[in-house]
Amino acid sequence: MAEFFKRTQTLALLIAGIGTSLGGLYTIAPQWALAQLNQLPYIVSDTIFIQHWGFLVLMMGCSFLIAIFRNDWIIPVFWVALIEKLFFVSLVISHSSEPFINGFWLSMAMDSVICLYIAGYLLSARQSKTKTRQ
């Protein structure tokens, strides 16, 4: 299993980085992003929250991309991403009966796949570390 994650980590970081960085669209074009990506009306008073959220997600995506070149970043970035993305997934699931949630299913699916990969990677890294100590 460790060999699989070693072979795929660069591609996984690249795909997760690009996919997650797309949240930056909420920072530069909040009105367009809400309408096109989430099928939600744009409410001017929410702009600061939308742009802030978009920037935070963009930074998470950039962290994935930096980790491609900085191996010492991978484990910390994966832990932060796992917590952040699992929280987003839980929010979508807990609000699944609300009509506004329809525009979030695709992002939740992407984050779920990323979480599965990260969980497997972290478990594999932990098992490899334990074997090395023995």
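This is a predicted model: local features need pLDDT of at least 70, side-chain atom pairs count only at pLDDT 80 or more; totals for chains, interfaces and linings use all residues.
Local features need pLDDT of at least 70 and side-chain atom pairs count only at pLDDT 80 or more, while totals for chains, interfaces and linings use all residues. Residues are numbered from 1 along each chain as its sequence is written, and side-chain values use heavy atoms, with hydrogens and water left out.

Helix H1 spans residues 2-21. Helices here are DSSP runs (H or I, at least four residues), numbered from the N terminus. H1 has 20 residues and reaches 27 Å from first to last C-alpha. This is close to the expected 28 Å (1.5 Å times one less than the number of residues). H1 bends by about 55° at Thr-8; the bend is the angle between axes fitted to the seven residues ending there and the seven starting there. Thr-8 is also buried (under 20% relative accessible area, 1.4 Å probe, protein chains only). Other buried residues of H1 include Phe-5, Leu-13 and Ser-21.

Gln-39 lies in the loop between helix H3 (30-37) and H4. Its phi is near 50°, a positive value in a residue other than glycine. Gln-39 is exposed, at 53% relative accessible area (exposed means over 50%).

Thr-47 belongs to helix H4 (residues 47-69). Thr-47 is buried, at 15% relative accessible area. Its side chain makes a polar contact with the side chain of Tyr-42 at 2.5 Å (N or O atoms within 3.5 Å, one able to donate a hydrogen and the other to accept it; residues adjacent in sequence count only if both atoms are side-chain atoms). A polar atom of the Thr-47 side chain also lies 2.7 Å from the backbone oxygen of Val-44. Leaving aside neighbours within four places in sequence, Thr-47 is in contact (heavy atoms within 4.5 Å) with Pro-30 and Tyr-42.

Technical notes: Helices (H or I, at least four residues) and strands (E, at least two) are DSSP runs, numbered from the N terminus.
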